[in-house]
Structure formats: C-alpha cells, structure tokens
Amino acid sequence: MKTIMLSPQNDKNAVNTAASLIKQGEVVGMPTETVYGLAANALNGEAVAKIFRAKGRPQDNPLIVHIADFDRIYELCPAVPPQAKALAKAFWPGPLTMIVPKGDCIPQEVSCGLDTVGIRLPAHPLARDLIRAAGVPLAAPSANTSGRPSTTTAEHVLRDMDGKIAAILDGGPCGVGVESTVITLALDKPRLLRPGGITLEQLRAVLGEVEVDRALYEKIGDEVRVSAPGMKYRHYAPKAPVTVVRGDPQRTAEYIQKQINGPTGVLCFDEYRSYFPTCVVECFGSQFDLAAQAREVFDRLRAFDDTDVTRIWAQCPSDEGLGLAVANRIKKAAGFSVVEV
Ligand code: TXA
Ligand code: MG
C-alpha cells in the first residue's frame, strides 16, 4: 500500500480525502493536540482490525474512541456518569480520555472484551474536522509501532507506518506531546490510569478524590490483570536500554557523568548539555519548563535510534503537575529501571 501524505496547507481537500478513506474502511494518521493517532471508523470492526495490524498491537489492548461533539457520547455510552459531564465541562475539548460503560454499538475489536470504552474529544481542529467529515466516531491509538515512542510529527508517523496505512493528515508538530490523561469512571472511585496533559491536581479540583493506579509507579507483570491493558507493555522505548536517574538535577547530572562508558546516550535538561561532551546528548527542555519537556520527550527518545549508542541515561522531572506524565513516559521507556540519587 502506498501511504499518501495529505497536507491541508497546500491541499484544501486534504481533510475530505482523509474522511473518504475512513468511510471506505481505511486507516488514516490523524493529528491531535497530544500525539498523532491511527484513526479508523470505530463502528466498523474490520476497519479497526487494520489498526492492530499496522501497529503490531497486542489483541487485548483496547482503543480510545474520538468524538467531535459532546452529545455523540450518548451513542457510545448508555449511562453517562455525572462525573463525566463535570470533567467534559472542565476539560473537553482537550487531552482527557474517560473510561465509561460501553454501549452495544462498540465492536469487540475496539473494547477487546471489556465492558467499558475510552472516549475523548480532542482539541486539535483538524482532528475535529476529520471526525465530523467522516461522520462517525474514530477509534485511534497513538500512531507508533507498538512498543516504540509515540509520534508527535507527521514524519514520525510516516517512519513507523509507511506502506501500512492509507494516508497521513499532516497537522504539524503536536502541541502537548504526551498522550491524553486516562481516568476511569467505571470503578467505585475515579482512578487515574495514565497521567497526561490534564494533571492529577486538575482532576482532583473537579472530582475531589481521585485514586492513582499503581501501574503509574511500577512495572506490572504479564500475569497481572490491569485496569488499562496498555500499561503492562514495554513502551516508548528506544532500541538501547534506558536507565532513569531521579533526584536533584545537579546531582543526577553528576551521577550520570560518572557512569559514562562506551557509546552512551544522555537524555537531559537543556541546562546540563555541556556536562556530557563525549556522549550523544538529547536535551528535552529546560528543567523549569514541563510543557517543553512534554512536547520534546518522544522526539528526543526517537532520535537515539539514529545513533550507535548502546546505553542511555536519562534525567527526569519530579511528579508535580505535568511532571507526573513526563516522568511516567521516561520511566516506561526505561522499563522502570530507576536509580534515585
Ligand atoms: O492522546 C491520546 O490518548 C492518543 C491520541 C491519538 O488520542 N491516543 C492514545 O491511544 O494514546 P493508545 O491506544 O496509545 O493509548 C490508550 C490507552 C491504553 O493504555 C489502553 O490500554 C487504555 O488507554 N484504554 C483504552 N480503552 C480502555 C478501557 N476501556 N479501559 C481501560 N483502559 C483503556
Ligand atoms: Mg500508545
């Protein structure tokens, strides 16, 4: 299959072309404010199955369904919890996915045997235009090969998906850079399953108590049943093994300096670039700029794959605000190999 790049900047039919491919049951790379997604008609099981094949995604990992208008949620979820309405009012359109009880129209290919479905109303205007033009809700996981870092530019998507999907709608680089926050409203208490652009502090300001799933902090074994199946897989990982060093940035930089041995990569804050003259250094933003870190982290992790490093050391922000999401992605890239200094 030839993957076509559709650029709305120089082709005014780009969105309609992408929408008609989706109507024909094809998969299209879709820009969102978080990361790029691999979108297909969420109500068409065969189309959704193509997403799993393109990604090499494990069959037990359900997909998020994207809508462009809040009222479409009632078609996907028979009983919308009141908390979902409160969260939607506060954070939609935006980087928040809510897990709610699913309706009968959701095919097995989307929910993978669960009785719930994740729903998100993205803020990116091209995502919303595409959903409206397709006329159906769109199932879309992140547009990376399973296990690789998520994609935040159309070029990243092409690199992973060339020849595997029909088209990519180019919306430029993603503004948030890490995937949406995932919260489940299908348990006794609301629980954060994946940190993202909407912070835990923001969720608590609306809902009061919000539990945090332990998968955020530790590696989950294959035998364990987790709330979000995606959380148990090795994720976001460059080819070389990564170790995270947490603590005061000055101290972590000095610790990493002492470990350097052989072709080494370092993922560090901008302030520490000069500490590692013999290494492949990828900076992912100032230590004081969490938004920049979120935007850059996947692109910088991907960059190591074009080098010959055999080992990667990474600095990492603390867990406050958006730091929780950035730190989670770096720890997952490291398979939770973390040193505290
Ligand atoms: O920002 C995002 O959320 C991006 C863009 C494209 O919207 N999408 C995305 O999808 O990150 P994906 O498939 O890469 O991650 C979805 C996560 C997975 O960890 C999956 O297991 C979990 O959400 N998930 C999806 N449906 C679920 C459900 N019904 N119950 C529990 N977890 C669910
Ligand atoms: Mg993903």
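# Close-up views of salt bridges, sheet and helices

**D213 is a buried residue, with a relative accessible area of 6%.** Here buried means under 20% relative accessible area, exposed means over 50%, and partly exposed covers what lies in between, with a 1.4 Å probe and protein chains only. The model is predicted, so local features need pLDDT of at least 70 and side-chain atom pairs count only at pLDDT 80 or more, whereas totals for chains, interfaces and linings use all residues. Residues are numbered from 1 along each chain as its sequence is written, chains are lettered from A and ligands numbered from 1 in the order in which they are written, and side-chain values use heavy atoms, with hydrogens and water left out. D213 and R191 form a salt bridge whose closest N and O atoms are 2.9 Å apart (a side-chain nitrogen of Lys or Arg within 4 Å of a carboxyl oxygen of Asp or Glu). Because D213 lies in the loop between β11 and β12 (242-246) while R191 lies in strand β10, the pair ties together parts that are 22 residues apart in sequence. Helices (H or I, at least four residues) and strands (E, at least two) are DSSP runs, numbered from the N terminus.

**R300 and E282 meet in a salt bridge, with their closest N and O atoms 2.2 Å apart.** Since R300 belongs to helix α10 (residues 290-303) and E282 to strand β14 (residues 280-283), this pair ties together parts that are 18 residues apart in sequence. R300 counts as buried at 19% relative accessibility, and E282 is buried too, with a relative accessible area of 11%. The structure holds 17 salt bridges, and a network of them links R148, D160, R302 and D305.

**An open sheet is formed by 11 strands in the order β1-β8-β2-β3-β7-β4-β6-β5-β9-β10-β11, with mixed pairing.** Its edge strands, each pairing on one side only, are β1 (4-6) and β11 (211-212). Helix α4 (residues 82-91) packs on the sheet and touches β5 (96-101) and β9 (181-184), its direction making about 165° with that of β5. Contact means heavy atoms within 4.5 Å, while axes are lines fitted to C-alpha atoms, for helices over the stretch in contact, with angles from 0 to 180 degrees between N-to-C directions. Helix α8 (residues 200-207) lies across β5, β9, β10 (191-194) and β11, and runs at about 35° to β9.

**Strands β3 (residues 37-41) and β7 (residues 138-139) pair in the antiparallel sense over 2 bridges.** Two strands pair if DSSP finds at least two bridges between them. In this pairing, N41 stands opposite L138 in β7.

**Helix α2 (residues 45-55) has buried residues G45, A47, V48, I51, F52, A54 and K55.** These buried residues pack against β3, α5 (108-111), β7 and α7 (154-161). The N-terminal end of α2 is capped by N44, a side-chain oxygen of which lies 3.0 Å from the backbone nitrogen of E46. Just after α2 comes G56, which takes a positive phi of about 65°.

**Helix α6 (residues 125-134) buries L126, A127, R128, L130, I131 and A134.** The buried residues of α6 pack against α1 (14-23), β2 (28-30), β4 (64-66), β7 and β8 (167-169). G135 follows α6 and has a positive phi, near 75°.

Conventions:
Polar contact = N/O pair within 3.5 Å; in protein donor to acceptor, adjacent residues only side chain to side chain.
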